[in-house]
Amino acid sequence: MLKPKTKGLFVDVSEYSILAARTSGYRLPMVVEEIAEFPLKAEHDPSEVQEFFQGLVDFRGANYLVSRCGVYPEGRFVKYYEAESASKVRDEAFLAKVLATEFSVDLKTNDVAMLGARDGSDLDPQKASTREIVFCGAPRASFRAEQDRLLGYGIYPERLELSTISTLGGVSDYARFNSINSPILCFELTAQCANIFILTRGQVEVSRSVPFGMDSIYPLLQRELGLKDEDSARKLFFSNTFDFAEIGPKLLLRIIKELQSTSGFYEVQTGQSISHVFLSVLPKNLSWVSKTVADTLALEILQPSLEGWLESLNIKLGDGVEVVSLGGRWMGLFSLMGEFHLREEVVE
């Protein structure tokens, strides 16, 4: 039995935490009535997560609560591609070949969506009028695993979105709203990989993945501090008991080199200078990662001022809902609520 949709529930589930918001409904204008976070440990009891949601939304009389969810499935991808012409984009056989040969994506085992790189809109290949596109998706099995995890929490995902994409949409819209016209370097750092993007005036201009993430840092930390094993290093890394300001650049050297390479090549090719860096997903106690990257690359951290932006989207904050101290990692959750295409005014 499903809980009737008298209220809205938006959920963003990463490997680090669950971010959730109860709203007045799903249609704009809406009111954010309450927000909450549940940090995820390597081993956690699904019943504890159910209790978390029960404290946020009335579950009485329902086995599942209908919600709109963003997830980060394993093996997810976002690939930018510029075809020779729009007619090529309208050739589905050509697109399938590009996915297979350029990006090693098998349509038989992956769910794939195609977006316009200029505005993030869903693209119908038969009607495409652009040659700049973004392929995004993940292995079908990974999406199924995320869906099963949500069901185990008592959450029925009415809509399941790729949080990487919704976050990029939110950052792009936020930049437009605040007249940030210079390029923004965005990156998403998770256990197994890092995804790097460059956004300019609402357009994805660079998208690439590197096959290493947080897991590659723990051996470095172990050696640097003489810890007994990588598990000890991981626990220290996520604790609030150690100041990483001094050794942070050493730990992040590999990812910083990738970011420098990506941004440097882009700036040489386009003649444009990147102004901001935006880091999503990572928990609050790892905010030093953003600062280390920003200081090394001489960039300004994009710290979203959420309230004004949300109000511009016809999303109001209820009494007691404070967003001033929330970091960029909450952008994914709030981006699930936005209907960016409804904007009457877009900064050019």
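Over the ring of which residue does the charged end of Lys88 sit? The ring is that of Phe94, with the charged end of Lys88 5.0 Å from its centre. A charge counts as sitting over a ring if NZ of Lys or CZ of Arg is within 6 Å of the ring centre and within 35 degrees of the ring normal. The charged end of Arg254 likewise sits over the ring of Phe212, 3.8 Å from its centre.

The model is predicted; local features need pLDDT of at least 70, side-chain atom pairs count only at pLDDT 80 or more, and totals for chains, interfaces and linings use all residues. Residues are numbered from 1 along each chain as its sequence is written, and side-chain values use heavy atoms, leaving out hydrogens and water.

Helices H6 (residues 218–225) and H7 (residues 230–237) have axes that come within 8 Å and cross at roughly 95°. H6 is therefore roughly perpendicular to H7 (65 to 115 degrees). Axes are lines fitted to C-alpha atoms, for helices over the stretch in contact, with angles from 0 to 180 degrees between N-to-C directions. Helices (H or I, at least four residues) and strands (E, at least two) are DSSP runs, numbered from the N terminus. Tyr218, Pro219, Leu221, Gln222 and Leu225 in H6 meet Glu230, Ala233, Arg234, Leu236 and Phe237 in H7 (heavy atoms within 4.5 Å).

The whole structure holds 16 aromatic pairs. Rings of Phe, Tyr and Trp (its six-membered ring) pair if their centres lie within 6.5 Å; planes under 30 degrees apart count as stacked, over 60 as edge-to-face and the rest as tilted. Tyr218 and Phe238 form a tilted pair, at 6.5 Å centre to centre and 55° between the planes. Tyr218 lies in H6 and Phe238 in the loop between H7 and helix H8 (248–251), 20 residues apart. Both residues are buried (under 20% relative accessible area; exposed is over 50%, partly exposed in between; 1.4 Å probe, protein chains only). Tyr16, Tyr218, Phe237, Phe238, Phe242, Phe244 and Trp288 form one aromatic cluster.

Most residues other than glycine have a negative phi, and most peptide bonds are trans. A cis peptide bond joins Leu28 and Pro29, with omega about -5°. Pro29 is in the loop between strands E3 (17–23) and E4 (30–39). Ser104 has a positive phi, near 55°. Ser104 lies between helix H3 (92–102) and strand E7 (110–116), in a loop. Its relative accessibility is 66%, so Ser104 counts as exposed. Arg201 also has a positive phi, about 50°. The loop between strands E11 (194–200) and E12 (203–210) contains Arg201. Arg201 counts as partly exposed because its relative accessibility is 39%.

Conventions:
Parallel < 35°, antiparallel > 145°, perpendicular 65-115°, else oblique.
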